[in-house]
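Here's a quick tour of a protein model, meant for someone who likes to look at backbone geometry. Have a look at the structure first, then read on.

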Amino acid sequence: MSAAAVVSASPTCLPRATVASFPVVLDVSKTPSPENVVDHAVLGAEHELFFSDPASPGSFFFLPHGTRIYNRLVQTMRDQYRKRGLQEVLTPNLFNMQLFETSGHADKYRERMFLLEIENQEFALKPMNCPGHCLMFKHRVHTYKELPLRFAEFGVLHRNEASDALIGLTRVRRFQQDGAHIFCRESQIKDEVIAFLELVRDVYGVFGLTFDLNLSTRPENYIGDEKTWEQAESALTEALNEFGKQWEKDEGEGAFYGPKIDISVSDAFNRKFQCATLQLDFQLPVRFGLSYSAEDESKTETPVMIHQAVLGSVERMFAILLEHYQGKWPFWLSPRQAIIFPVSEKSRSYSLKVRDQIHDAGYYVDIVETD
Ligand SMILES: [Zn+2]
């Protein structure tokens, strides 16, 4: 249940409490058509959640109430990471182009990166967290006993979208992702994928979002050897079957560096969005020369890298959820969980006390003074 509580405080009588509640999921029978959806940009302005300014197109300002929601979304993932053995890390925003040459972004992604020159050297704002996490893996020697090694980061990412292509919070230049990278052995892929699918199910379940699963397999322009691809695809297939939810196969739709599972969510208006993703990557660990020592210490092996995200872009998920709930946030996600209306000037000090108690208990509470 979601709720907003109203407490009328008076020092001379028992406080009266009025509670208004909304169901977690919108009653779709009352809003059957996507035409009824109020756009997130309209709701965001009305509810004073966020805005943008020509001073920085495609990069949003989150006002206090918007920031409360944004942080709660991030915290939701943090809590899950803690439960599931992912470790949060912080990496730089700015890297020299040598790093992106190693990762391949300089070649394949250059026009979508913000470049700048510092002391005659070309740098770029990172468009994704993967290269930084490869450096983190490479920072010291690893053994097979440490795998799977799971790094998660909410780092700020920048991608150069044309100004006329920017759309509200759904296509932006500055955003954060709940991106995680898992370095593991081939034999560990299946368990990691099942853990990811469970994570997706739990997080989307809390939001009241349903989802569909698609496995994208080896494309024509694949790199790496066929045997590894086959093993990886069968690990993903086994994981999907064991997870038990119906799934579909998109033949030849995988990335050139590995197969992937795409997850599309459906909101209260039955609209589909691509948010969560899991991609296996055999290529990046090779490009960065990553390795770990195997049981026989004289041998080293190359880890498989799994890229995963559940929310995807936090900004975009914010927009999807704002439209999904139409601004009627569930209680735990609401930026305004309690409102106190003092019935008279005399009750003001008591209402302040009540406010402090609710605040100290960890909730967002406001006092509304009326004349
Ligand atoms: Zn990645």
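This is a predicted model: local features need pLDDT of at least 70, side-chain atom pairs count only at pLDDT 80 or more; totals for chains, interfaces and linings use all residues.

Where the two meet, 13 residues of domain 2 contact 14 residues of domain 3. On the domain 2 side, helix H5 (130–138), strand S11 (156–158) and helix H8 (284–287) each give two or more residues, and H5 has the largest share with three.

Now for the core. The largest nonpolar core has 63 residues, and those touching the most other members include Val193, Leu236, Val310 and Phe318. Beyond its neighbours within four places in sequence, Val310 contacts Met77, Asp178, Leu199, Val200, Val203 and Ala276.

On to the backbone. Most residues other than glycine have a negative phi, and most peptide bonds are trans.

| Residue | Phi | C-beta neighbours inside 10 Å |
|---|---|---|
| Glu48 | near 50° | 12 neighbours |
| Asn270 | about 65° | 11 neighbours |

Glu48 sits in the loop between helix H1 (40–46) and strand S3 (50–51), while Asn270 is in the loop between strand S15 (260–266) and strand S16 (272–281). Glu48 counts as exposed because it has 12 such neighbours, and Asn270 counts as exposed because it has 11.

Which form does the peptide bond from Leu147 to Pro148 take, cis or trans? It's cis, with omega near -5°. Pro148 lies in the loop between strand S9 (142–143) and strand S10 (149–153).

Conventions
Residues are numbered from 1 along each chain as its sequence is written. Two residues are in contact if their C-beta atoms, placed from the backbone, lie within 7 Å. Helices (H or I, at least four residues) and strands (E, at least two) are DSSP runs, numbered from the N terminus. A nonpolar core is a set of buried Ala, Val, Leu, Ile, Met, Phe, Trp, Tyr and Cys residues joined through C-beta atoms within 7 Å. A residue is buried if 20 or more other C-beta atoms lie within 10 Å of its own, exposed if 12 or fewer, and partly exposed in between; C-beta atoms are placed from the backbone.
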